[in-house]
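Please keep the structure open while you read.

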Amino acid sequence: MNKMLLIGAAVMVAVVTVSAADVKENWEKNCTKCHGADGKGDTKMGKKLEIKDFTDAKYQASMKDEEMLKAMKDGVKDGEKVRMKAVEGLSDDDMKALVKFVRDFKK
Ligand code: HEC
């Protein structure tokens, strides 16, 4: 195999690892407990924590991508109280894909 083919194959693998199915799986595994499958936060945990509705365009407009990423990386705290734990076991790319996924809830 020549070099170009090898590079091409590597790029394809990289794309496949953050495919839509994986993002959805990550979302369902790590986030729906609180944020709900539909992103509305209409869950027992979500209600308790008063989670914001990700389908709300106004809320989406108020959030920057970097802030969403930070919420996943560092968690969300209210003073000393942890509201959302930092996400574990996901790569930067996984989290970036999740930011996009959350954006897509916007109606
Ligand atoms: C233990 C419950 C819980 C889990 C699990 C959880 N979150 Fe959150 N999340 C919260 C709470 C509480 C907030 C802060 C309240 C708010 O602003 O809606 C929040 C806020 C956010 C925000 C916005 C940050 C902000 O400052 O408003 C994003 C984006 C987010 N979560 C994404 C995710 C993603 C993606 C996952 C899964 C990888 C996830 N959350 C898992 C509870 C959770």
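1. Start with His 35. An N or O atom in its side chain is 2.7 Å from a nitrogen atom of the ligand.

2. Some ground rules. This is a predicted model, in which local features need pLDDT of at least 70, side-chain atom pairs count only at pLDDT 80 or more, and totals for chains, interfaces and linings use all residues. Residues are numbered from 1 along each chain as its sequence is written, and side-chain values use heavy atoms, leaving out hydrogens and water.

3. Lys 52 uses a backbone N or O atom, 2.8 Å from an oxygen atom of the ligand. Tyr 59 uses a polar side-chain atom, which lies 2.8 Å from an oxygen atom of the ligand. Among the elements that give two or more residues to the shell around the ligand are helix H2 (20-30), helix H4 (44-49) and strand S2 (81-84). Helices here are DSSP runs of H or I with at least four residues, strands are runs of E with at least two, and both are numbered from the N terminus.

4. Which element gives the most to the shell? H6 does, with three residues. There are 20 residues around the ligand, and Cys 31, Cys 34, His 35, Lys 52 and Met 84 come nearest.

5. Look at Met 84, in strand S2. Is Met 84 buried, partly exposed or exposed? Met 84 is partly exposed, because its relative accessibility is 24%. (Buried is under 20% relative accessible area, exposed over 50%, partly exposed in between, with a 1.4 Å probe and protein chains only.) Leaving aside neighbours within four places in sequence, Met 84 is in contact (heavy atoms within 4.5 Å) with His 35, Ala 71, Met 72, Gly 75 and Val 76.

6. Check Glu 50, in the loop between H4 and helix H5 (57-62). Its phi is near 55°, a positive value in a residue other than glycine. Glu 50 counts as exposed, because its relative accessibility is 62%.

7. Last, Asp 22, in helix H2. Its C-alpha atom is separated by 9.3 Å from that of Ala 97, 75 residues apart along the chain.

Key
A residue is near a molecule or strand if one of its heavy atoms lies within 4 Å of it. A polar contact is a pair of N or O atoms within 3.5 Å; within protein, one must be able to donate a hydrogen and the other to accept it, and residues adjacent in sequence count only if both atoms are side-chain atoms.
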